[in-house]
Amino acid sequence: MTTQPSSVLNDLGIFLMAGRVKDPSVALTEGEDADRLGFRRAWLSERYDLKEAGAVLSGVAARTSRLEVGTGVLATGSRHPLLTAALAATMHTMYGGRFVLGLGRSDAIYLRGQSIPNHNLEQFKDYVLIVRRLLDGETVGYDGPLGHYDAVRLADLPQARPPIWSIIRGGPKASRLAAEIADGVMLQPFTTVAAAADAVRRIRSARTELGLDAAIRICLPVISACDLDEAQTVAITKARLVTYVQMPDNAKIYANQNHWDPEVMRRVQEHELFRDLSRANADQVFHREQLLGPAALIPDQWIEESCAMGSPAECVATLQRYRDVGIDEFALYGTTPAQNASLVAAWRAHSDIANRRVPTPVTVSAPAAEGSAEP
């Protein structure tokens with residue numbers, strides 16, 4: 001018997017193929033599972049090996065009917081803006097308006113050694129505006145921080161411009177810029193509730209100051225480990241966080257925004273496993289299961305206050321705390337759609353209760369007198 005697809009949850013998405021992969025075709029199965037379970041969007045963090053965004057997301061979109069697909073993140077330094085606009089136009093038109101173009105500056109350390117520039121905020125702004133103008137049908141001439149472009153244009157246009165999202169860490173400057181130029185904003189994983197509240201406030205306030213409406217969508221990637229054993233949970237949460245804080249620039253951001261102890265992150269960076277790395281960061285050298293040594297240095301509290309773990313009820317409670325401070329939707333991260341089936345069901349039930357209208361109280365009148373005209 002064929003399982004009927006669940007209705008779409010408008011505030012729940014998921015990242016496909018989190019981390020390094022050996023077989024990108026698993027994204028097709030994950031995408032089908034996400035579509036069947038009722039996830040709204042499936043995101044992909046592009047890597048420059050077996051995770052090229054256009055190839056993977058096109059396959060996922062072709063195998064699904066409702067699922068939106070998005071780049072989260074496509075580094076602006078990796079492509080000429082015309083190629084990015086062409087990717088967005090093609091995907092959005094080919095798959096019935098189901099594409100979201102998520103753009104970000106990426107990380108200088110992550111891009112080191114790959115001959116891909118890490119754009120500053122000024123360059124990023126110009127890049128996004130150029131892509132937006134191209135998708136709107138303009139011919140763009142540009143001479144500025146990004147370089148020189150002479151009369152660039154799309155000869156054929158999408159039926160509608162796909163939404164452009166800004167992928168940021170949530171700091172003041174990036175939040176204000178995202179509020180100005182983006183249709184949606186995605187924050188970074190391992191963001192605490194308090195840090196998420198700060199980012200939401202910055203983005204919403206900037207929209208008001210800029211005279212823009214408050215309709216911008218704010219999404220938070222949340223590492224999820226629902227109903228998993230301790231070993232799996234450690235690999236998915238602590239070992240993944242190691243790959244973030246092992247990079248000094250990232251560690252500073254988490255220290256500032258989450259108020260996490262920089263000394264702990266320094267000890268992670270100085271772990272013997274990271275001596276004489278062949279690449280600039282651990283994420284490009286190790287798989288999560290190889291990082292359990294430095295992962296033991298990560299405090300339990302950091303994971304508890306930034307990840308959805310434990311029973312479905314505990315995970316739902318975590319997500320609701322973020323909703324309470326203004327997060328509009330989530331992108332579960334680190335586990336597959338199938339691994340999150342119990343969490344999806346619990347969140348669906350929780351949302352149904354939260355959205356259920358309280359019935360209007362019925363006033364019961366005294367019985368009508370005999371012979372009255374009332375029925």
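**Second largest pocket**

I looked up the second largest pocket and found about 370 Å³ of space in it. The model is predicted. I listed the 23 residues that line this pocket; closest to its centre are Ala18, Gly19, Arg20, Arg240 and Arg288. Helix H1 (26-37) and H9 each supply at least two residues of this lining. By class I noted nine nonpolar, seven polar and seven charged residues.

**Largest pocket**

I then turned to the largest pocket, with a volume of about 1100 Å³. Its lining has 47 residues, and Val73, Ser106, Arg169, Gln188 and Tyr244 lie closest to the centre. I checked which elements give two or more residues: helix H5 (121-135), strand S8 (164-167), helix H6 (172-181), helix H7 (193-209), helix H9 (238-245) and helix H10 (248-258). H6 gives the most, with five residues. I sorted the lining into 22 nonpolar, 14 polar and 11 charged residues.

**H6 against H7**

The crossing of H6 past H7 is right-handed.

Which residues meet in this contact? From H6 I noted Pro172, Ser175, Arg176 and Ala179. On the H7 side I noted Ala199, Arg202, Ile203, Ala206, Arg207 and Glu209. The contact divides into five nonpolar, one polar and four charged residues.

Key: Residues numbered from 1 in each chain as written. Predicted model: local features only at pLDDT ≥ 70, side-chain atom pairs only at ≥ 80, totals over all residues. Heavy atoms only, no water. 1 Å grid on protein atoms, 1.4 Å probe; cavity = no way out; pocket = protein on both sides within 12 Å on 5 of 7 lines; lining within 4 Å. Points joined across faces, edges and corners; volume = space filled by probe spheres on them. Helix = DSSP H or I, 4+ residues; strand = E, 2+ residues; numbered from the N terminus. Nonpolar A, V, L, I, M, F, W, Y, C, P; charged D, E, K, R; others polar. Left-handed = near helix turned anticlockwise from the far one by under 90°. Contact = heavy atoms within 4.5 Å.
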